[in-house]
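Here are my notes on the voids in this model. Please read them alongside the coordinates.

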Amino acid sequence: MAQYESIAEEIDRAFHEVTASAQYILGARVDQFEREFAQFVGAEYAVGVGSGLDALRLGLLALEIGPGDEVIVPANTYIATALAVSEVGADVVLVDCDPATYNIDPDAVAAAVTSRTRALLPVHFTGQAAEMTPLLELAASRGFAVVEDAAQAHGTRYDGRPCGSLGKLACFSFYPAKNLGAYGDGGMVTTSDPTVVERTRRHRNYGERAKYDHVVKGVNSRLDGLQAAFLSVKLPYLTAWNEARLRHADAYRAELDGVGDLRLQQRSDSSTHVYHLFVVETAERDALRGFLAERGIQTGIHYPIPIHLQEAYRDLGLGPGAYPHAERLAQESLSLPMYPELTEEQISNVTGTIREFFASGRPR
C-alpha cells in the first residue's frame, strides 16, 4: 500500500490509458515494456508472458528441451523451477546449495552432469546471483544451456553484468511481492538469441506465426496490457527501491551480528544483492517466529519443504539426507520483513524483539 501511494497518480494514469485504448492482451504497452525491460537487463529481447513459471516453461520449450533430457535444478528453490522442467517432459536433476551463500553449488552441478544434460537452471536466490563464471564455463565445455531463474533478482549484477543477460536466456517473475511486482501475475523471458525469442513469442500465443496460422502446439500465456503499463511505471523506481532494500539489510546485519545462534547469508564478492529476501538462520526458528508473531511482526519461511521431499516429487525416490544444506535451510531459515518502505523504527523493533528473544531464556 505504501508503495502504491507513492506512485498512485502515475499508476492511475496508466490504467486509464490502457482502458481507453482497449489493448488488454499484448498490444503497444506490452511492446513498450518489453523494450524497456530488455534494455534494463542488457538483453537484446524480452518476451512478456503470463507468469514466472510460464517464462521458465516457454524458455525450455524454446530450447527444444523435452522427454529424455535432463535439467539440473537447485534443491532449495520454489517448486516452480522444477515444475517447468517436468511440464516440458524432461527429467529434474536436483543438486544441493552452498551452505553460506544459499546459491547452487558449482561443484555439485559438475558432479551431476551426464550425457543427457541439456540445461542448467541456476536460481539467483534471495536476490544474490549464483556463482555464474564456473557454471557458464562448465556449460560451454559440456554443451548444455544455462537458463537463469532470475525471479528474485530484478536489478542484481554479477561481475558488473545484469542478471538476465548472463545465460542463453533468463526468466523473471512479476508476482506482486517481487522487487518489481505487478498488480497481478506476469513473467518475462529475456535473451539475445533471435531463435529463442521467435519460438517463445509463438509458444506464448497459441503457436501462431500469423493470425489463425499455427505452426506449433502453443499455449495462452501473454502478459496483459494493464500489467505491462503498471510495470513500466515502476521500472524507473526499481534501482532506488533496491538501494533502500540494501540499506535495510545493512541495518539488520549491524544490529543482529553476534545475536544468539543467528547465522546470516554470506555476501558474494562477485555479485550485488537486491535483497528480495533477508534471511536469518537459527536452530530456534519456529520459537523465534512465534515470539515475533506475538508482538505483531510477520515473518516468512522460504521454503519449508525442499523439492525432493514434496509429495509431487516422490517419483525421484529421494528421502531426508539427500541434500543436507537445502534441508537445513528448510528447517532453520526465517525471512524477516523486507521491502523498500521499511522505516528505521520498524527495523529497530524487529531487531530489538529478536535480541529480547535470545536474552529471555524463553523455553523453546
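How much space lies in the second largest pocket? About 260 Å³. The model is predicted: local features need pLDDT of at least 70, side-chain atom pairs count only at pLDDT 80 or more, and totals for chains, interfaces and linings use all residues. Residues are numbered from 1 along each chain as its sequence is written, and side-chain values use heavy atoms, without hydrogens or water.

1. Terms. On a 1 Å grid over the protein atoms alone, a pocket is an open set of points with protein on both sides within 12 Å along at least five of seven lines; a cavity is a set where a 1.4 Å probe fits but cannot get out; lining residues have an atom within 4 Å of a point. Volume is the space filled by probe spheres set on the points, which are joined across faces, edges and corners.

2. Second largest pocket. Its lining has 14 residues; G155, T156, R157, N242 and V274 lie nearest the centre. Six are nonpolar, six polar and two charged (Ala, Val, Leu, Ile, Met, Phe, Trp, Tyr, Cys and Pro count as nonpolar; Asp, Glu, Lys and Arg as charged; the others, Gly among them, as polar).

3. Helix 2 (28-41) and helix 9 (238-256) each supply at least two lining residues. Helix 9 gives the largest share, four. Helices are DSSP runs of H or I, at least four residues, numbered from the N terminus.

4. Largest cavity. Two cavities reach 30 Å³ or more. The largest has about 60 Å³. Its lining includes A75, N76, T77, Y303 and P306. Seven lining residues are nonpolar, three polar and none charged.

5. Second largest cavity. The volume is about 30 Å³. F125, L277, V279, H302, L329 and S333 line this cavity. F125, H302 and L329 also line the largest cavity.
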